[in-house]
Amino acid sequence: MTKVYLPELGENITKATVSYWFFQEGEKVNEKDDLVELTTDKATFNLPSPCSGRLAQIILHEGDTANVGEVLGILEEG
Amino acid sequence: MEFEAIDLGLIDYRRAEGRQEETFAAIKGRKGRSTLLLCQHHPVITLGRSASINNILVPEKELKKKGIDVFPARRGGDVTYHGPGQLVAYPIFNLDDFRKDIYFFLRTLESAVIEFLAGFGVNAQRCPPLTGVWMDKEKISSIGIGIRNWITFHGVSINIKKDDLGNFQAIRPCGMDIQVTSLESCLGNNIEIDSVKEDLINAFRKVFADPQT
């Protein structure tokens, strides 16, 4: 299992809003596919998938706020 | 960082999005370099990811009569208006060659606009915590970006012509009750957009070569 974290986005940015998941739970994902879009201040930011596998669980859904370092979802590798 | 600059001229919003996508794909595929796309748009209202439809104040029928399109945009921010009286800059920049820091990139975009306006003797300012560039509490430049694989798209619009400002009344710009202004309004004389494009490119080159916030 691989956890997908909200990474450091820059100075003064401590959180972001989940604005769009590109995949639904259970769907296959390839490494580096756009996995989830987050919105902060005047920017949208696409987080790529860290590995290939299946999106096992979405933890933070569209509209939820994530802090830097928080888990957004879980991938099952393979 | 270094970049090439391309002037797309007066271009349909959707076509400009297509050019951004092509440039992005070239940079991602390591076949292209960071590029600053300059353009002007036909009248269009765009809605960013944080946009509320309530920030469009005029019914769609009326917008159509005025020839104003409405499109969603994969960028941050709320509602904005673009028209031929604005100079729009889309930096499709690979932040691997700059700094992977969204906050720093937004501040550097503001610095580029402030530098550009300073060249005309216009002392524009930031208004933290808001993003954008202001002239005496009136907004002269809006910013909204997207980032994929740490490559930026969308960008900056600067109001140049004062005659085009009327269409801002159709929206609550950036979701706020604010007034907008233009370079012509600040200077009190006529500015031809073509004549200032090189100044904007030079401002971007200066600021991105030596960024400070």
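Analyst: Strands here are DSSP runs of E with at least two residues, helices are runs of H or I with at least four, and both are numbered from the N terminus. Keep in mind that this is a predicted model, where local features need pLDDT of at least 70 and side-chain atom pairs count only at pLDDT 80 or more, while totals for chains, interfaces and linings use all residues. Residues are numbered from 1 along each chain as its sequence is written, and chains are lettered from A and ligands numbered from 1 in the order in which they are written.

User: How many bridges join strand 3 to strand 5 in chain B?

Analyst: Four, and the two strands run antiparallel. Two strands count as paired if DSSP finds at least two bridges between them.

User: Which way do the residues of strand 5 of chain B point?

Analyst: B:V79 and B:Y81 point one way, B:T80 and B:H82 point the other way, and all are buried. Buried means 20 or more other C-beta atoms within 10 Å of the residue's own, exposed means 12 or fewer, and partly exposed is in between, with C-beta atoms placed from the backbone. In a regular strand, side chains alternate between the two faces of the sheet.

User: OK, zoom out. What's the secondary structure of chain B?

Analyst: Chain B has five helices and ten strands. Its radius of gyration is 16 Å, close to the 17 Å that the globule rule gives for 213 residues, so chain B is as compact as a globular protein of that length. That radius is taken over C-alpha atoms, and the rule is 2.2 Å times the number of residues to the power 0.38. The C-alpha trace of chain B spans about 45 × 35 × 30 Å along its principal axes, and 47% of the 213 residues count as buried.

User: Tell me about helix 5 of chain B. Which residues are buried?

Analyst: The buried ones are B:L200, B:I201, B:A203, B:F204 and B:F208. Seen down the helix axis, they fall within an arc of 160 degrees, so they line one face of helix 5. The arc is that of the directions from the helix axis to the C-beta atoms. On the other side of the helix, B:S195, B:E198 and B:A209 are exposed.

User: What do those buried residues of helix 5 pack against?

Analyst: Strand 1 (4-11), strand 2 (35-41), strand 6 (86-92) and helix 3 of chain B. Contact here means that the C-beta atoms of two residues, placed from the backbone, lie within 7 Å.

User: And helix 3 of chain B, is that one enclosed or open?

Analyst: Largely enclosed by the rest of the structure, because 13 of its 17 residues are buried. At 1.5 Å a residue, helix 3 (residues 102-118) should span 24 Å, and its end C-alpha atoms are 24 Å apart, which agrees. The expected span is 1.5 Å times one less than the number of residues.

User: I clicked on B:H154. Where is it?

Analyst: B:H154 is in strand 10 (residues 151-159) of chain B. B:H154 is buried, with 28 other C-beta atoms within 10 Å. Leaving out residues up to four places away in sequence, B:H154 touches B:A73, B:R75, B:Y90, B:G144, B:I145 and B:G146.

User: New topic: how many residues does each chain give to the contact?

Analyst: 16 residues come from chain A and 19 residues from chain B. The elements giving two or more residues to chain A's side are strand 4 (34-40) and strand 5 (43-48) of chain A. Strand 5 of chain A gives the largest share of that side, five residues.

User: Which strand of chain B does strand 5 of chain A pair with?

Analyst: Strand 9 (residues 138-148) of chain B, through four bridges, and the two run parallel. Within that pairing, A:F45 has B:I147 as its bridge partner.

User: Last one: what order do the strands take in chain A's open sheet?

Analyst: The order is 1-8-6-3, four strands with antiparallel pairing. Strand 1 (2-5) and strand 3 (28-29) of chain A stand at the edges with a single partner strand each, so one side of each is left without a neighbour in the sheet. Strand 1 and strand 8 (residues 71-77) of chain A pair over four bridges, and A:K3 stands opposite A:I74 there.
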